[in-house]
Amino acid sequence: MFVKQIRLSSQARDQLIRLKTRTGIQNWNVLCRWALCVSLKEPTPPTPVEIPADSNVEMTWETFGGDNYELYAALVRERCVKDGLEPEDEVAATQFRLHLHRGISYLATPNKIKNIGDLVALTCETKP
């Protein structure tokens, strides 16, 4: 697996706390899966920025992905290929981290997600 442990930034942790309150979803890993998928859905690659791992929110890759952890890994590697990147472990790990944090920030945009219905509706949107 290209990622063994996932540690979020403190900014992402704070954003997830707000999302937990708004959606009623109590598990970090479930919200992180939503965030990853929302970012992967975007047509542009995430901006390559340095993301600190400065929070106390940490989970294993298996916890992140649950029963479908291999599917999430395949989605990240496929997105690497789509973006013209080699899907090697280090590249895939970096892209995963960028997508995860972009997705969390996207979901945490003020007034974007006010309840679980907004989260479901967001993921059902189609891009032109």
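Analyst: Contact here means heavy atoms within 4.5 Å. The model is predicted. By that cut-off, Leu31, Cys32, Trp34, Ala35, Leu36, Val38, Ser39 and Leu40 in helix 2 meet Phe96, His99, Leu100, Arg102, Gly103, Ile104, Tyr106 and Leu107 in helix 5. By class, this contact has 12 nonpolar, 3 polar and 1 charged residues.

User: Why is helix 2 called roughly perpendicular to helix 5?

Analyst: The axes of helix 2 (residues 28–41) and helix 5 (residues 89–107) cross at roughly 100 degrees and come within 7 Å. Angles of 65 to 115 degrees count as roughly perpendicular. So helix 2 is roughly perpendicular to helix 5.

User: Why is the pair of phenylalanine 2 and tryptophan 61 called tilted?

Analyst: The structure holds 6 aromatic pairs. In the pair of phenylalanine 2 and tryptophan 61, the ring centres are 5.2 Å apart and the planes stand at 50 degrees, so the pair is tilted. Stacked needs under 30 degrees, and edge-to-face needs over 60.

User: What parts does that pair tie together?

Analyst: Phenylalanine 2 lies in the segment before strand 1 (5–7) and tryptophan 61 in helix 3 (residues 61–65), so the pair ties together parts 59 residues apart in sequence. Both phenylalanine 2 and tryptophan 61 are buried. Ring pairs also link Phe2, Trp61, Phe64, Tyr72 and Phe96 into a cluster.

User: How do you know that the charged end of lysine 20 sits over the ring of tryptophan 28?

Analyst: The charged end of lysine 20 is 4.0 Å from the ring centre of tryptophan 28. The cut-off is within 6 Å of the centre and within 35 degrees of the ring normal. The charged end of lysine 20 counts as sitting over that ring.

How values were computed:
Residues are numbered from 1 along each chain as its sequence is written. This is a predicted model: local features need pLDDT of at least 70, side-chain atom pairs count only at pLDDT 80 or more; totals for chains, interfaces and linings use all residues. Side-chain values use heavy atoms; hydrogens and water are left out. Axes are lines fitted to C-alpha atoms, for helices over the stretch in contact, and angles run from 0 to 180 degrees between N-to-C directions. Helices (H or I, at least four residues) and strands (E, at least two) are DSSP runs, numbered from the N terminus. Angles under 35 degrees count as roughly parallel, over 145 as roughly antiparallel, 65 to 115 as roughly perpendicular and the rest as oblique. Ala, Val, Leu, Ile, Met, Phe, Trp, Tyr, Cys and Pro count as nonpolar, Asp, Glu, Lys and Arg as charged, and the others, Gly among them, as polar. Rings of Phe, Tyr and Trp (its six-membered ring) pair if their centres lie within 6.5 Å; planes under 30 degrees apart count as stacked, over 60 as edge-to-face and the rest as tilted. Buried means under 20% relative accessible area, exposed over 50%, partly exposed in between (1.4 Å probe, protein chains only).
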